[in-house]
Amino acid sequence: MTTSYHNHTTWSDGTTDVAAMVAAAPAHGLDEIGISDHYVLAPDRRAVYWSMPLDRLEDYIAEVLAVQEGSPVPVRLGVEADFFPGNEADLCEALAPYPFDYVIGSVHYVDGFSVDEAADIWHTLSPAEVDEAFRGYWARVAGLARSGNYDFVGHLDLPKKFGFAPHADLSKEIAAALDAIAAAGLAVEINTAGAAKPCAAAYPAPSLLRECRRRGIPLLINADAHAPHDLTYQFAEAREMARRAGYRQLVRFERRRAIAYPLPES
Ligand SMILES: [Zn+2]
Ligand SMILES: [Zn+2]
């Protein structure tokens with residue numbers, strides 16, 4: 001069984017439409033494909049160019065469901081929804097009417113700071129500010145887990161994207177976030193997209209993945225693909241990484257219920 005659930009189309013910042021993404025699934029050996037375009041509902045309603053327009057969520061869902069009809073493989077309806085402290089109730093209300101198979105919780109912003117948008121901004125930060133960004137990130141991941149709005153966490157440890165690392169020991173903050181994820185019954189993903197970024201490594205780091213495994217946190221393997229050719233980018237490497245962390249199972253989702261299946265061999 002191979003699934004790929006974290007994928008973007010022209011509804012947000014992907015390069016192809018839903019139909020083209022889904023049509024590529026069989027050639028990638030996928031047994032299920034999920035579409036998870038960005039929906040960024042910030043408390044200040046900031047306009048984010050890589051998000052679908054907030055008033056188009058219903059149209060996005062209608063299109064995914066329509067493509068599902070004629071697809072050779074099951075198409076799962078997902079969304080990648082940002083977590084912001086203070087938007088929990090609004091997001092819950094916005095997503096509630098729809099038949100999602102899963103909702104990915106991601107932290108791309110620490111207040112006004114976009115952790116993954118530009119290396120330039122990171123280069124202007126002092127060491128103390130770098131630490132603050134990481135500390136703020138992990139606090140938000142804990143908040144994300146406690147919000148109850150999500151099924152799995154997207155690209156855990158995203159702030160490493162441009163090769164920056166905290167100077168201070170943040171193991172307490174990280175442990176608190178992982179404990180919150182475990183307590184909430186959320187899964188995490190190995191997001192292979194990081195391998196093609198300046199950090200040159202999938203999210204999360206192997207040490208973090210082992211900490212997830214130790215807490216019994218379920219796992220998915222995803223590529224965060226923005227084009228069909230990336231649908232299974234570095235999946236073999238990710239499976240090996242999962243195995244080394246002690247995982248023997250992955251999960252897939254149907255109507256927000258996690259279903260375990262064996263971690264594929266290769
Ligand atoms: Zn993301
Ligand atoms: Zn994404």
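Tyrosine 60 is buried, with a relative accessible area of 0% (buried means under 20%, with a 1.4 Å probe and protein chains only). The model is predicted: local features need pLDDT of at least 70, side-chain atom pairs count only at pLDDT 80 or more, and totals for chains, interfaces and linings use all residues. Side-chain values use heavy atoms, without hydrogens and water.

The model holds twelve aromatic pairs (rings of Phe, Tyr and Trp, the last by its six-membered ring, with centres within 6.5 Å; planes under 30 degrees apart are stacked, over 60 edge-to-face, the rest tilted). Tryptophan 11 and tyrosine 60 pair edge-to-face, at 6.0 Å centre to centre and 70 degrees between the planes. Tryptophan 11 also counts as buried, at 12% relative accessibility.

## A stacked pair and a charge

Tryptophan 50 and tyrosine 109 are stacked, 6.2 Å centre to centre with 15 degrees between the planes. Tryptophan 50 is buried at 8% relative accessibility. Tyrosine 109 is buried at 8% too.

The charged end of arginine 46 sits over the ring of tyrosine 109, 4.7 Å from its centre (CZ of Arg or NZ of Lys within 6 Å of the ring centre and within 35 degrees of the ring normal).

## Zinc site

His6 (NE2), His8 (NE2), Glu80 (OE) and Asp224 (OD) coordinate the zinc ion (ligand 2) at 2.0 to 2.3 Å (donors are N, O and S atoms within 2.8 Å of the metal, or 3.2 Å for Na, K and Ca). Glutamate 80 bridges this ion and the zinc ion (ligand 1), which lie 3.4 Å apart. Histidine 6 is buried at 0% relative accessible area, and histidine 8 is buried at 0%.

Conventions
Residues are numbered from 1 along each chain as its sequence is written. Chains are lettered from A and ligands numbered from 1 in the order in which they are written. Buried means under 20% relative accessible area, exposed over 50%, partly exposed in between (1.4 Å probe, protein chains only).
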